[in-house]
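This report walks through a two-chain protein model, beginning with the terms it relies on. The sequence and structure come next.

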Amino acid sequence: MKVSFPYMGTTVIYKKLLELLGHEVIEPPVPSQRTIDLGVKNSPEFACYPLKIILGSYIEAIELGATTLVTSGGHGPCRAGFYGETHSRILKNMGYDIDLIVFDAYKRDIMGTIKNVRKIMNGNSLFYLWETLRIVYLMAKSMDKMEKKIQKLRAYEVCYGDCNRAWEKVQKVFNDIKNIEDVKKAKIKSKSILDDIKVIKIPEPEKIRVGIVGEIYVVMEKSINLKIEEILGNMGAEVERSQYISEWIDYNLLPIWISKPHELEILKKGEKYIKEIIGGHAKQTVGHIVDYAERGFDGVVHLMPFACLPELVSQSIIPAITNEYNIPVITLPIDEQTGLANVQTRIEAFLDLIKNKKRIRIA
Amino acid sequence: MKIGIPKALLYYYYYPLWKVLFEELGFEVVTTKNTAKELVNKGIKISVSDICVPIKIFNGHVLELLEQDVDYIFVPRMMNIRKGEYFCPKFMGLPDMVKYSLTDAKDMLLTPNISSNSDDISDVRNYLPMCGILGVSAFKMRSALKKARLSWKEYRSLSTKGYTAKEVLDAMESGIDIKKEPEGGFLNIGLMAYVYNLYDEFISMGIVDRLRERNISIQTFEMFNENVLDNQLKGMKKVLFWTFSNKLLAVGYKFLKDVNIDGIIHITAFGCGPDSLIGKIMELESIDYKKPFMTIRVDEHMGENHLQTRVEAFIDMIYRKKVMSIKEANIV
């Protein structure tokens, strides 16, 4: 059984999980123009962008020999919850015979979840599964910590690209993990890698901090959001994302009383603007904007796939938040039109405005 | 006191219920005129540009109500009408969207959360939060809802007899019984479209009349009882999350299996998320069932000619197909 998974964010983590359970893992290639083309060609025209990219990356993984695909499902009410069904229909129609294992919310389908877990366990004991999950969880936590640091350092790196190179190294270090001890070692090692990056010293009040909010896939996957973090970082802004994989695990997979997720606080902050959870990350988006405003961020970039249902609701509400909290927000709908120059220009203008605003405030 | 109900979105499915409810409570119910170009333009101005046209039109109707001096505007938050299913996220966030994009209407909104286990949404618990705002007792609300439910039931039973929602609403409004039985035409076409797209003449550009003029009888999802539709989807492993989209898909399957239906037209708004998936499923299924299927996608750019041409071509095709099959049957 050759297993693969959709490409999103730090893929080392999913790869490690499957590898430790003894599967032969086919790592899907980084989404490229070919991935986008494949996905767009075979998806419904008006499906949302992540569906198309994931389909493209599935097809590429199948071409490399994958026979089983593992993914997470959803519980609606946004379209993401129906990806599994749509993907398996399209792939079947294209003539591929693959096994698509979709992990839905376990409350919705307990028997199905147990069946899926047994498939993934690959004959290992429950104790081993638990151990593996612990390793992967700790790994996700520490990798996210490293990534957050990189996102800050990139604004001040002396040599262009130092941070990217460091991040590559960190991923390689974590790739060699085999047990809990290794996680600790990898942590120390990657810390020293980050410490080696040469940075310019900038006085605290002159630092610019920008938050990125929006739909999870376009926020987390840099190859399809036109590397927005790097664009911002290279223009001298510290970046923080609203979504990290470890936070997703905290909120979605662990019992709330154990993980005490940060996301609950965020949801409370969004309560005023969107009363109910309407699917996707709309409520989190508005909550995060409020959160960033309260923490003194200078601006927020709101990313969404074109015609994303929940994010359109949050986009409608953002002007009210901007007025109330006096925080600039720019919304960028992302789709298969990958004109980099357009985004670059808009981000540059946005940062210029932020810098001006800040200068006036300081003076 | 005047209560405004915008003539958009679920107006076309629940107006008889809401109208009787507020009238029984002793309020005057005001609604808006049919959608027109000006109203749409106003709505577009205050909406996010990428959002679907029914929502833009809804905003336009709310603006219209503001001009009519109403005291309250009824914008319910439609949560779910089936267990485990929801409405489209835009419906669930609709009150928030209206509240923050139309600041004038901020304090005039009545936004009860509607959730229920069936299409019948007259459970008193849904409407209790409004009692305090409107100053009516829970008891009065309960008895008003009883009458409202009857009115809605009547509306639904007339719909299932094959009348379009528009005919039924007009009849109920004017108090005249519909005498004319829906005529059977030479061709039967199944229309897959949400009520707010099909019966808003601005969005659908009067497709119902256009088809009937050509001696074609039509069927839509609201002409079937809910359990008939629910039965259609029993074979699916995971149904959609959106109740009305499920209804569309169910009726789509019904049309595919029904030998009397000659063709299916799917009318959808540009950027409609749920429809993007239904459309794909139907596209694939219609090949298996060998049934002509066409999608018409509409938005606020209203060119009537493209609709006319495409519908004509589609109808000519299925007309010829039917004539041929009748001839063949006669020869044999």
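## Terms and basis

A residue is called buried when its relative accessible area is under 20%, exposed when it is over 50%, and partly exposed in between, using a 1.4 Å probe and protein chains only. Helices (H or I, at least four residues) and strands (E, at least two) are DSSP runs numbered from the N terminus.

This is a predicted model, in which local features need pLDDT of at least 70 and side-chain atom pairs count only at pLDDT 80 or more, while totals for chains, interfaces and linings use all residues. Residues are numbered from 1 along each chain as its sequence is written, chains are lettered from A and ligands numbered from 1 in the order in which they are written, and side-chain values use heavy atoms, with hydrogens and water left out.

## The interface of chains A and B

Chain B contributes 37 residues to the contact and chain A contributes 39, where contact means heavy atoms within 4.5 Å. Y100(B), K238(B) and F241(B) supply 20% of the area that chain B buries against chain A, more than any other three residues. Between them the two chains bury about 3400 Å², 67% of it on carbon and sulfur atoms. Buried area here is the accessible area (1.4 Å probe) that two parts lose on being put together, summed over both.

Five residue pairs, both members at pLDDT 80 or more, are in polar contact between chain B and chain A. A polar contact is a pair of N or O atoms within 3.5 Å; within protein, one must be able to donate a hydrogen and the other to accept it, and residues adjacent in sequence count only if both atoms are side-chain atoms. On the side of chain B that touches chain A, β4 (77-80), α4 (89-92), α5 (94-101) and α14 (273-289) each supply at least two residues. Helix α14(B) gives the most, with eight residues. The residues of this side of chain B divide into 21 nonpolar, seven polar and nine charged. In that division Ala, Val, Leu, Ile, Met, Phe, Trp, Tyr, Cys and Pro count as nonpolar, Asp, Glu, Lys and Arg as charged, and the others, Gly among them, as polar.

## Salt bridges

A salt bridge is a side-chain nitrogen of Lys or Arg within 4 Å of a carboxyl oxygen of Asp or Glu. The whole structure holds 43 of them over all chains. R89(A) lies in helix α4 of chain A and E285(B) in helix α14 of chain B, so this pair joins two chains. Their closest N and O atoms are 3.4 Å apart. R89(A) is partly exposed at 23% relative accessibility, whereas E285(B) is buried at 15%. Across the interface the rule finds two salt bridges.

Within chain B, R149(B) pairs with D120(B), with the closest N and O atoms 3.5 Å apart. D262(B) is in the loop between α13 (243-257) and β9, and K322(B) is in helix α15 (residues 304-331), so the parts tied together are 60 residues apart in sequence. D262(B) counts as buried, at 13% relative accessibility. In chain A, a network of salt bridges links E240(A), K269(A), D291(A), E294(A) and R295(A).

## Buried positions in chain B

L17(B) belongs to helix α1 (residues 11-24) and is buried, at 0% relative accessibility. Leaving out residues up to four places away in sequence, L17(B) touches I121(B), S122(B), Y127(B), A148(B), S151(B) and W152(B).

T268(B) is in strand β9 (residues 263-269) and is buried, with a relative accessible area of 2%. The side chain of T268(B) makes a polar contact with that of D275(B) (2.9 Å).

Helix α4(A) (residues 83-93) has buried residues including Y83(A), H87(A), I90(A) and L91(A). The buried residues of α4(A) pack against α2 (33-42), α3 (49-63), β3 (68-72) and β4 (99-103) of chain A together with α14 of chain B.

A307(A) has a positive phi near 60° although the residue is not glycine; A307(A) lies in the loop between β7 (299-305) and α15 (309-325) and is buried at 3% relative accessibility. N326(A), with a positive phi near 55°, is exposed, with a relative accessible area of 53%.
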